[in-house]
Amino acid sequence: MGTLIKNGKVVNATGSVDADVLIEGSTIKEVRAGIDAAGHTVVDAKGLYVMPGGIDVHTHLDMPFGGTVSADDYKTGTQAAAVGGTTALIDFALQSKGHTMREALTTWLAKSKGKACVDYSLHMAVTDLAPSGGSDDEGLDEMDAMVAEGITSFKLFMAYPNVLMIDDGLMFKVMQRAAKLNALCCIHAENGSAIDIVVAQMIAEGKTAPHYHALSRSTKAEAEATHRSIALADMAGATVYIVHLSNEDALRELRHAQERGVRALAETCTQYLVLSIEDQMPGKSWEEAKYVFTPPLREKKNQEKLWEGLEDRSLSVVSTDHCPFRFADQKALGKDDFRKIPNGGPGIENRLQILYHYGVNSGKISVERFVELASAAPAKIFGMYPKKGVIAAGSDADILLWDPKAEYTITAATQTMNTDYSMFEGWKVKGNVAKVFSRGDLIVDGGKYIGTVGRGEFLKRKTLPSDVMEGNTMLSGAVHA
């Protein structure tokens with residue numbers, strides 16, 4: 001006896017079809033029209049889309065930053081993800097300087113133990129290749145060990161000097177080893193050294209309000225680092241994935257590289273598609289601290305270019321960079337100095353709502369492209385496909401029933417995220433979650449998480465195949481197939 005989802009429209013990245021979906025245990029048994037309902041628990045999906053659960057490959061749960069810790073831990077954060085239709089995420093284990101990657105892995109696995117409510121994996125942020133004071137071979141060999149553990153992507157920061165930022169030499173060494181391992185290098189691309197100079201100059205001039213955070217981090221600083229990281233990756237023979245790409249200047253550098261056949265991928269985030277300096281950070285109030293994250297909000301003119309990047313496939317994924325801090329007592333740490341405002345915003349619960357309403361409903365992307373950006377492409381690029389990211393026989397029964405006609409008003413008063421504000425407060429969207437299944441379990445119904453706490457499993461991910469990109473066709477179906 002299984003669970004039979006009937007009368008819905010199955011939507012994958014490759015197309016849509018009217019079909020039933022039979023779940024047996026934790027996996028999808030069959031996808032076809034006319035499956036006999038006898039002996040099965042039937043879920044009527046009439047009028048609904050049946051989609052693979054969302055995959056958010058950029059989150060920061062229970063993360064120390066700026067003298068505090070992000071407000072969502074692995075319990076509240078993964079429950080919020082589930083309520084928003086996301087059934088798998090990839091968080092970041094941050095290696096501290098002087099400590100090993102293994103220590104970071106142990107720390108982050110402890111954060112998630114007994115708390116994670118959806119499946120999850122980790123990227124490893126590399127800050128020190130010689131934590132014991134010896135040669136860099138220590139850290140490079142640890143990369144091999146991480147890949148053996150199923151951690152097949154490495155985060156490299158070009159921002160935050162003296163904390164997370166690494167120099168070009170260390171980055172190049174990591175890229176060389178990643179190329180040998182067929183692992184992915186995820187890059188926070190901003191010129192941190194130049195930005196720090198601008199920040200210091202602003203503070204000296206008394207420019208301490210939140211919107212100066214955005215003005216201090218130029219699009220050119222992001223574009224330069226995007227260009228540099230891609231050039232280094234090309235030299236090393238590595239595949240690079242630019243995280244949270246936020247503007248036209250950086251997108252131009254990405255496109256130029258892709259046109260030359262360089263192995264460069266990138267994501268953008270929901271906030272950059274719909275929020276702007278003009279609308280959210282005009283320099284009028286302390287409330288603008290709610291929108292202090294990095295890269296910062298950009299001028300509104302960049303939004304159309306990012307949507308075009310999603311349409312023409314130069315941008316492959318939409319994630320959130322979910323890193324929430326409460327406004328009342330955490331953002332307040334930088335009341336008189338924007339440098340001290342914890343960087344980050346809440347978004348994991350609203351990613352699919354925003355992408356669907358402003359993407360699909362406006363005609364910018366198709367519903368199939370919506371599934372690709374939110375689920376299939378992340379699964380393929382990050383080594384989870386076809387276990388995740390597709391409605392197909394043999395895949396995990398991570399299934400999202402999506403109501404394209406449901407109207408919803410986003411508000412902090414009813415959200416699951418553990419923050420006291422929403423970046424999209426009062427916004428009305430059309431298209432929302434009806435039910436969510438994770439490995440066959442119904443975990444969200446009626447807008448509430450109803451699954452057990454701690455049911456989420458750690459995902460050991462596959463490495464990239466050597467032919468991940470031929471031109472810019474990495475999502476043709478060959479990746480991780």
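Figure 1. Helices (H or I, at least four residues) and strands (E, at least two) are DSSP runs, numbered from the N terminus. The model shown here is predicted, and local features need pLDDT of at least 70, side-chain atom pairs count only at pLDDT 80 or more, while totals for chains, interfaces and linings use all residues. Residues are numbered from 1 along each chain as its sequence is written, and side-chain values use heavy atoms, with hydrogens and water left out. The largest pocket holds about 760 Å³ of space. Its lining has 31 residues, of which Phe65, Gly66, Tyr160, Val163 and Leu164 are the closest to the centre. On a 1 Å grid over the protein atoms alone, a pocket is an open set of points where a 1.4 Å probe fits, with protein on both sides within 12 Å along at least five of seven lines, and lining residues have an atom within 4 Å of a point. Grid points are joined across faces, edges and corners, and the volume is the space filled by probe spheres set on them.

**Figure 2. An open sheet of eight strands.** The strands follow the order β8-β11-β12-β13-β14-β15-β16-β17, with parallel pairing. β8 (54-56) and β17 (317-319) are the edge strands; each has a single partner, so one side of each has no neighbour in the sheet. From one strand to the next, the twist averages 30 degrees; axes are lines fitted to C-alpha atoms, and angles run from 0 to 180 degrees between N-to-C directions. Two strands count as paired if DSSP finds at least two bridges between them.

**Figure 3. Strands β11, β12 and β13 side by side.** β11 (residues 86-94) and β12 (residues 119-125) are joined in the parallel sense by seven bridges, and leucine 89 has tyrosine 120 of β12 as its bridge partner. β12 also pairs with β13 in the parallel sense, over two bridges; here alanine 125 is partnered by lysine 155 of β13. In β13 (residues 153-157), five of its five residues are buried, that is, under 20% relative accessible area, where exposed is over 50% and partly exposed is in between (1.4 Å probe, protein chains only). Ser153, Lys155 and Phe157 point one way from β13, and Phe154 and Leu156 the other way.

**Figure 4. Aspartate 249 and its surroundings.** Look for aspartate 249 in helix α8 (residues 248-259). Its side chain makes a polar contact with the side chain of arginine 252 at 3.2 Å. A polar contact is a pair of N or O atoms within 3.5 Å; within protein, one must be able to donate a hydrogen and the other to accept it, and residues adjacent in sequence count only if both atoms are side-chain atoms. Leaving aside residues up to four places away in sequence, aspartate 249 touches Thr219, Lys220 and Ala223, where contact means heavy atoms within 4.5 Å.

**Figure 5. Backbone details in four loops.** Most residues other than glycine have a negative phi, and most peptide bonds are trans. A cis peptide bond joins threonine 294 to proline 295, with omega about -5 degrees, and proline 295 lies in the loop between α10 (277-280) and α11 (301-312). Another cis bond links tyrosine 385 and proline 386. Asparagine 182 has a positive phi of about 55 degrees and is partly exposed, whereas arginine 439, with phi near 45 degrees, is buried.
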